[in-house]
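Q: Could you take me through this model? I would like to start with the chain as a whole and then go to particular residues.
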Amino acid sequence: DGSTVAFTFRRESGSTESSAIWITGRNGKGATRLLKSEGQIRYGDPTFTPDGDLVVSFFRAISRQRANTGLLQVGADGTIEQRVYVKKMRWKKRRFDWAEVREPKFSPDGSKVLFALSAESWSELFEDAYGTNLMILDLASGKVRKVAEQALGGDWTGALAMWAVPA
């Protein structure tokens with residue numbers, strides 16, 4: 001209904017980075033922090049489903065050899081209500097081989113999610129689209145398919161329409 005705005009607040013201090021997911025009224029009043037990135041977990045890229053549910057992306061390092069990334073549905077009180085999509089990863093040669101889910105966008109009917117899956121977790125590389133694929137998750141089947149490579153972002157219209165930078 002457009003009455004609530006969700007955003008990521010990010011802060012850097014030296015080599016430490018922290019972020020939090022906040023919501024506020026469209027007038028900017030009544031801001032509430034829902035999620036705070038701590039330790040090995042980071043949250044970002046909040047978006048709303050057509051039904052008004054809040055969904056955020058996450059990256060979680062479980063150990064030096066394992067990590068997860070994906071999308072979470074978040075309740076109004078900040079509780080994780082549902083895991084919409086989770087990609088489990090094992091460490092390969094380098095830690096930055098891990099991927100991150102970013103920029104989720106729901107289709108107008110809410111049946112699919114368009115998102116960027118970066119092959120590198122370094123934000124500088126993500127901004128240049130290096131190693132980033134544009135993916136579509138079908139929520140009914142749970143299947144994910146790649147629709148573009150080296151993509152900077154995308155969005156929906158009545159049917160599927162997106163923009164991407166060719167390799």
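Q: Gladly shown, thank you. How much of the protein chain is buried?
A: Buried residues account for 38% of the 167 residues in the protein chain. Please keep in mind that this is a predicted model.

Q: What share of the contacts comes from residues 24 or more positions apart?
A: Among contacts in the protein chain with a separation of 6 or more, 32% are between residues 24 or more positions apart.

Q: Let us turn to the sheets. What is the strand order in the open sheet of three strands?
A: The order is S1-S2-S3, and the pairing is antiparallel. S1 and strand S3 (32-36) are at the edges with a single partner strand each, so one side of each has no neighbour in the sheet. From one strand to the next, the twist averages 30°.

Q: How many bridges join S2 to S3?
A: Four bridges join strand S2 (residues 16-25) to S3, and the two run antiparallel. Within this sheet, Ala-20 stands opposite Lys-36 in S3.

Q: What holds paired strands together in general?
A: Strands of a sheet pair through backbone hydrogen bonds, in either a parallel or an antiparallel arrangement.

Q: Now the open sheet of four strands, what is its order?
A: That sheet runs S8-S9-S10-S11, with antiparallel pairing. Its edge strands are strand S8 (100-106) and strand S11 (144-149), each of which pairs on one side only. The twist in this sheet averages 30° from one strand to the next.

Q: And over how many bridges do S9 and S10 pair?
A: Strand S9 (residues 112-118) and strand S10 (residues 132-138) pair over seven bridges in the antiparallel sense. Val-113 stands opposite Leu-137 in S10.

Q: Changing topic: how many aromatic pairs are there?
A: The count comes to one aromatic pair. Tyr-85 and Phe-115 form this pair, which is tilted, with 5.3 Å centre to centre and 40° between the planes. The pair links distant parts of the chain, since Tyr-85 lies in strand S7 (residues 80-90) and Phe-115 in strand S9, 30 residues apart.

Q: Are those two residues buried or exposed?
A: Tyr-85 counts as buried because its relative accessibility is 14%, and Phe-115 counts as buried because its relative accessibility is 0%. The cut-off for buried is under 20%.

Q: Where is Thr-47 found?
A: Thr-47 is found in strand S4 (residues 41-48). Thr-47 has 16% relative accessibility and therefore counts as buried.

Q: Which residues does Thr-47 touch, leaving out those up to four places away in sequence?
A: Thr-47 touches Asp-53, Leu-54, Val-55, Pro-104 and Phe-106.

Q: Last one: is Asp-1 buried or exposed, and why?
A: Asp-1 counts as exposed because its relative accessibility is 89%; the cut-off for exposed is over 50%. Asp-1 is placed in the segment before strand S1 (4-13).

Q: What separates the C-alpha atoms of Asp-1 and Gly-52?
A: Those C-alpha atoms are separated by 7.5 Å, although Asp-1 and Gly-52 are 51 residues apart along the chain.

Methods. Residues numbered from 1 in each chain as written. Predicted model: local features only at pLDDT ≥ 70, side-chain atom pairs only at ≥ 80, totals over all residues. Heavy atoms only, no water. Buried < 20%, exposed > 50% of the residue type's maximum accessible area, 1.4 Å probe, protein only. Contact = heavy atoms within 4.5 Å. Pairing = 2+ DSSP bridges. Axes fitted to C-alpha atoms, helices over the stretch in contact; angles between N-to-C directions. Phe/Tyr/Trp six-rings, centres within 6.5 Å; stacked < 30°, edge-to-face > 60°.
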